[in-house]
Amino acid sequence: AYENVYRAYLLNGNTDSAFVYQGRALVTKDSLHKAKMNSLAEFQNLSFGEQMRLQELQRENDAYQSKMVNYAMLTGLCFSILITVVLYRNNNEKKKTNKVLEETLSHLKSTQSQLIQSEKMASLGELTAGIAHEIQNPLNFVNNFSEVNTELIAELKAESVKPKADWDESLLRETLDNLKDNEQKIVYHGKRAADIVKGMLQHSRTNSGQKELTDINDLADEYLRLAYHGLRAKDKSFNAKFETHLDPTLPKVNVVTQDIGRVLLNLINNAFYAVSEKLKVESKKTGAGYDPKVTVSTQNLGNKIEINVKDNGNGIPDSIKEKIFQPFFTTKPTGQGTGLGLSLSYDIIKTHGGELKVETKEGKGAELIISLPTA
């Protein structure tokens with residue numbers, strides 16, 4: 001504005017007034033320049049302060065981020081250490097647990113072996129009395145025929161001292177025939193006794209697992225009589241009928257003879273036990289007409305054979321029918337059974353590729369059925 005007034009006065013020739021306004025214009029420019037410089041200085045100061053503050057904030061942010069990174073690394077390290085410690089402890093606990101489990105398993109296997117051996121020896125004990133009775137029978141024959149032969153030999157000697165012309169030829173022939181017959185009977189009953197002893201040794205020896213062709217009819221007949229006489233040896237008052245229905249067409253089967261014999265003995269012993277328990281109850285009733293009976297039968301079914309052990313005892317209640325093949329389950333009083341007999345029998349038949357099942361009617365008796373493949 002001052003410069004415009006200065007130019008107007010200058011054009012009109014009024015130089016004095018023009019110079020006055022020119023001076024004022026210069027003063028004003030100088031003031032504006034100073035104000036501008038002051039504002040610029042203030043702005044620069046302010047900008048510098050802000051820049052310094054931003055740098056400080058950046059440094060604080062960098063420090064914070066560095067601190068957070070350190071914290072994160074430290075936290076990760078601590079977490080890793082914690083995981084390592086936990087895994088180490090878990091590994092140690094697992095090793096301890098595995099060691100305890102291995103010791104427990106070893107103990108269980110040892111106990112199982114002892115229990116199986118105990119069951120085996122228990123059945124052997126029951127068998128021994130029957131064997132003693134059975135072996136006594138052929139031995140009696142051997143002794144009796146031996147004594148008769150001794151008398152016949154004495155007669156021959158007495159006849160031989162006579163003059164040959166006085167010999168009784170018919171007596172000599174008859175005596176010699178009797179000696180021959182008696183010797184044959186001695187050999188037969190001697191072999192019979194040897195077979196009984198062999199069967200006892202097979203039953204008591206450690207199972208080799210060797211299968212052989214076996215006559216199941218002979219085995220069933222032998223163990224039925226042995227089981228009966230074994231019970232009679234323990235309880236003289238016990239008496240029961242027993243019979244066999246053996247299929248003459250039954251083929252020999254390839255089995256571990258002592259194992260199948262052990263199964264038969266166990267089932268037959270259980271059958272006799274069942275009828276003896278019913279007999280005790282029935283004998284207390286007035287006019288009771290109960291006749292205990294155990295039957296063993298065999299049947300040729302072509303691709304398999306069946307062995308049936310049947311009794312007319314009290315049978316098995318439906319409530320426990322599904323449990324009888326479980327280990328340690330028994331209905332006998334404490335001390336009279338381990339509860340392993342039927343369980344072991346079931347396992348033995350299974351390992352032979354067969355089947356063991358039960359059919360029963362409560363109060364009427366039970367029938368255990370063994371199926372074995374012929375091939």
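Tutor: Start with the term helix. Here a helix is a DSSP run of H or I with at least four residues, numbered from the N terminus. By that rule, F19 has its place in helix α2. Keep in mind that the model is predicted.

The protein has seven helices and seven strands. From the N terminus, their order is α-α-α-β-α-β-β-α-β-β-α-α-β-β. The chain has 375 residues, and 30% of them are buried. Take the contacts between residues at least 6 apart in sequence: 70% of these join residues at least 24 apart.

Now the packing itself. Two packed helices are described by the angle between their axes and the distance between the axes. The pair to look at is helix α5, residues 257–282, with helix α7, residues 341–351. Their angle is about 140°, and their axes lie 9 Å apart. The crossing of α5 and α7 is left-handed. On the α5 side, the contact uses D259, I260, V263, N266, L267 and N270. On the α7 side, it uses G341, L342, S345, I348 and I349. By class, this contact of α5 with α7 holds six nonpolar, four polar and one charged residues.

Stay with α7. Its buried residues are G341, L342, S343, S345, I348 and I349. Just after α7 comes G353, with a positive phi of about 75°.

Back to α5. T257 lies in this helix. Its relative accessible area is 8%, so T257 is buried. The T257 side chain makes a polar contact with the side chain of E212, at 2.9 Å.

Another residue to check is E222, in helix α4. E222 counts as buried because its relative accessibility is 14%, and the cut-off is under 20%. E222 and G261 are 39 residues apart along the chain. Their C-alpha atoms are separated by 9.3 Å.

Next, the rings. A search of the whole structure finds six aromatic pairs. One of them joins F141 and F145, with the ring centres 6.2 Å apart. F141 and F145 both lie in helix α2, residues 15–160. They are four residues apart, about one turn of the helix. F141 counts as partly exposed, at 32% relative accessibility. F145 is buried, at 16% relative accessible area.

A second pair is Y228 with F242. The ring centres are 4.7 Å apart. The planes meet at 40°, so the pair is tilted. The cut-offs explain the label: stacked needs planes under 30 degrees apart, edge-to-face needs over 60, and the rest count as tilted. This pair links distant parts of the chain, with Y228 in helix α4, residues 216–234, and F242 in strand β2, residues 241–245. The two are 14 residues apart. Y228 is buried, with a relative accessible area of 7%. F242 is partly exposed, with a relative accessible area of 29%. Ring pairs also join Y228, F238, F242 and F272 into a cluster.

Finally, return to F19 in α2. F19 is exposed, because its relative accessible area is 52% and exposed means over 50%. F19 and R7 are 12 residues apart in sequence. From C-alpha to C-alpha, F19 and R7 are 9.6 Å apart in space.

To recap the part you asked for: α5 and α7 pack at about 140°, with their axes 9 Å apart, and the crossing is left-handed. Among the residues making the contact are V263 and L267 of α5, and I348 and I349 of α7. Of these, I348 and I349 are listed among the buried residues of α7.

Conventions
Residues numbered from 1 in each chain as written. Predicted model: local features only at pLDDT ≥ 70, side-chain atom pairs only at ≥ 80, totals over all residues. Heavy atoms only, no water. Axes fitted to C-alpha atoms, helices over the stretch in contact; angles between N-to-C directions. Left-handed = near helix turned anticlockwise from the far one by under 90°. Contact = heavy atoms within 4.5 Å. Nonpolar A, V, L, I, M, F, W, Y, C, P; charged D, E, K, R; others polar. Phe/Tyr/Trp six-rings, centres within 6.5 Å; stacked < 30°, edge-to-face > 60°. Buried < 20%, exposed > 50% of the residue type's maximum accessible area, 1.4 Å probe, protein only. Polar contact = N/O pair within 3.5 Å; in protein donor to acceptor, adjacent residues only side chain to side chain.
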